Amino acid sequence: MDSKLSLLFSLLCLIARLRLSFSASGETKSFESVPDLEKSMYTEVEGFPCVRLLNLSGEIGCSNPGRGNVVAPIVRFKNAKELTGPATILVSIDEFESLLTRVSKDSKFAEKVVGILVESGTQVQNGLSGFSPDVKFPQAAFAPYQSNNFEWNPAGSGIMWKPYNFPVFLLSQTSTSILQEVALRNEESKSSYPKVVSEFDLVMQTTKSGTRDSNSCLKEGTCLPLGGYSVWSSIPPINISSPIKSKPIVLAMTSMDSASFFRDKNLGAESPISGLIALLAVVDALSHIDGLKDLNKQLVFVVLTGEAWGYLGSRRFFLESEQQSDTIKGLDLAMIETVMEIGSVGKSLPESSKTFFAHTAGDISSLNGTLNALQSAQESLKTESIIVKTASTSNPGVPPSSLMTFLRKKPQISGLVLEDFDSAFSNEFYHSHLDDLSNINSTSIVAAASLVARSLYILAGGKDPSAISSIKINASLVDELLGCLLNCEPGLSCGLVKRYISPSTTCPSHYVGVILGEPSSEPYPAYAGDISRFVWNFLADKTSIPSKNVSSSCPKDCKGDSELCIREEADGKGVCVVSTTRFVPAYSTRLKYESESWTVLPLNSTDIMGVEDPVWTESNWDTIKVRVYTVQNTAFDRLILLLGIIVTLLAYLLIVIARTVIRKALKQD
């Protein structure tokens, strides 16, 4: 009996020693749940993924190579010139392009790249001379002229248009610091363990199903078309029921979507959001001018989305008109006399005269009128040092812009794009995550908006010098829009946005996204996207006249073709106003939605731009995340397994001995 008790005591001591030997620094950490244990083992990485996009001929972007997660040790690129095994490469943004170039040219090196983590930080951006993942002539296939070798975007590398069979993430600034320390720790340990590894969950449904182009993935339901909702409005509202012949139209437009290598880090501050903010400021300024209904031309404003992906918005805009859709009700595109597009206008230097360039195309006689209007507007703004120049005649045509669609569809149209550059983009971060608020200045946007607002008034027939001089841009509104649309603080939670809508997120992103459900002239709010809904409400408000039907039951009592309910999301009630403001679906003209699925249509000979339409789609996915954790070598893992087996056996032996001792003790009693 005493010998068994002695053995029992010895086993307890051994188990206690084993437990203490695996305590860190003599401390024991307790976990109240499995999530607590998991949190102590794994560090979640904050970042922005590159995702898989597809077109009719193949795919671009990033994805895990197979159906499961991928894991590899983290190394820095400058110390990973030759990889000895699978690795996750931590790279600075200034080396990112050279890394991807190496991957595309060196197959042996590429085989060992499991994933890429890209550092972020303002100090990195300040040291860059330029970074643009787009090509040197963006969307050249849609240009109304042949000059594919022209370089509008000299900084362009084209890396965003290639496929990568490994995950790529842009790190947040917090995660950048963490991963830099991790990579340094791995370097110091050299070939020894433990190692810190990253685990990527970037499994795309199109990769899992083997659907490698838009046609096949739409059939299998593993992707959705890129798209969203454009918005158009008129000031004053168009009387749809009036028998009077429509006035000629002066159309001002811009776009609200950008592109980036990283899906959700997509601000596009200079290109195109500076133009969007300028247009919103123009509408605000003109809304305070009396007598617009007496002008001999109609002012129409269009804000397009999907333009970064094959001019989806402008091409669909024309098709909706041809099909006499409700989305274009009241707007006759045949009546368009002049088109003025506000492009990139945020980089004219604040310390000197603010210089803008007029890129023109189309009917010469109408163009002269447009240029004269610009000149008159400039002269009325002499005290503000604003200069307008005609773009160089050595340019092959207008720069990449929505006007290209108008020129392809209506070659005789008179069109002008106002930009802050002549022959090459001033934006060195075009279609890059670095095109953020620090890349533009508000005074340049105010200057461009002042010029456009007065030009539009003159083009519409306004001649009164005092009225022209009274058109002033609200600089405070421009500053507020910059904070709302290009920053996380306040971001979409700013007072201006929340006056109109209930945003789904705080940090803005200007990626077009995917079109959900059946396209409609009155989309479900969650399907339209925060930016589109804000623009719709803002334009409807600024271009409206009060409704005679002042009712608290909005939108039920907003009757008539021209009555709309605005601000309904913000306060749950809304206000009825009279305004000609419409949503217009923006998606490929080669797509049709029926029976709750998408179909790629055959080429239409009347759709002259459809031949070049890539039909962009985005792969579905379940979750996207990255985490890092520490692993030991296989010998250590085997030792832990062996010790686990020993402890289990000892525990079993302990139980048997304890039962025997207890039974004998009970019998003696």
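Tutor: What follows treats the disulfides, then the sheet beside one of them, and lastly some other elements of the chain.

The model is predicted: local features need pLDDT of at least 70, side-chain atom pairs count only at pLDDT 80 or more, and totals for chains, interfaces and linings use all residues. Residues are numbered from 1 along each chain as its sequence is written, and side-chain values use heavy atoms, with hydrogens and water left out.

The chain has 20 helices and 26 strands; helices (H or I, at least four residues) and strands (E, at least two) are DSSP runs, numbered from the N terminus. Of the 669 residues in the chain, 53% are buried, where buried means under 20% relative accessible area, exposed over 50%, and partly exposed in between (1.4 Å probe, protein chains only).

The structure holds six disulfides, a disulfide being a pair of cysteine sulfur atoms within 2.5 Å. With bonded cysteines counted along the chain, the pattern is 1-2, 3-4, 5-7, 6-8, 9-11, 10-12.

One of these disulfides is formed by Cys50 and Cys62, whose sulfur atoms are 2.0 Å apart. The torsion about the S-S bond of Cys50 and Cys62 is about 85 degrees, so this disulfide is right-handed. Cys50 lies in the loop between strand E2 (47–49) and strand E3 (52–55), and Cys62 lies in strand E4 (residues 58–62), so the pair ties together parts that are twelve residues apart in sequence. Cys50 counts as buried because its relative accessibility is 2%; Cys62, at 0%, also counts as buried.

Another disulfide joins Cys488 and Cys507, with sulfur atoms 2.0 Å apart. Its torsion about the S-S bond is about 130 degrees, so the disulfide of Cys488 and Cys507 is right-handed. This pair links distant parts of the chain, 19 residues apart: Cys488 is in the loop between helix H15 (475–486) and helix H16 (495–500), and Cys507 is in the loop between H16 and helix H17 (525–528). At 36% relative accessibility, Cys488 counts as partly exposed, and Cys507 counts as partly exposed at 35%.

A further disulfide is that of Cys558 and Cys576, again with sulfur atoms 2.0 Å apart. The link of Cys558 and Cys576 is left-handed, with -100 degrees about the S-S bond. Cys558 lies in the loop between E19 and E20 while Cys576 lies in strand E21, so the pair ties together parts that are 18 residues apart in sequence. Both Cys558 and Cys576 are buried.

E20 and strand E21 (residues 575–578) run antiparallel and are joined by four bridges. The bridge partner of Glu563 in E21 is Val578.

Elsewhere in the chain, helix H13 (residues 442–459) has 18 residues, which at 1.5 Å a residue should span 26 Å; its end C-alpha atoms are 26 Å apart, in agreement. The expected span of a helix is 1.5 Å times one less than its number of residues. Because 16 of the 18 residues of H13 are buried, this helix is largely enclosed by the rest of the structure.

The buried residues of H10 pack against elements including strand E12 (228–235), strand E14 (298–304) and helix H12 (403–409).

Strand E16 (residues 354–361) is mostly covered, with seven of its eight residues buried. E16 pairs with strand E17 (residues 386–390) in the parallel sense over five bridges, and Phe356 stands opposite Val388 in E17.

Notes. Two strands pair if DSSP finds at least two bridges between them. Contact means heavy atoms within 4.5 Å.
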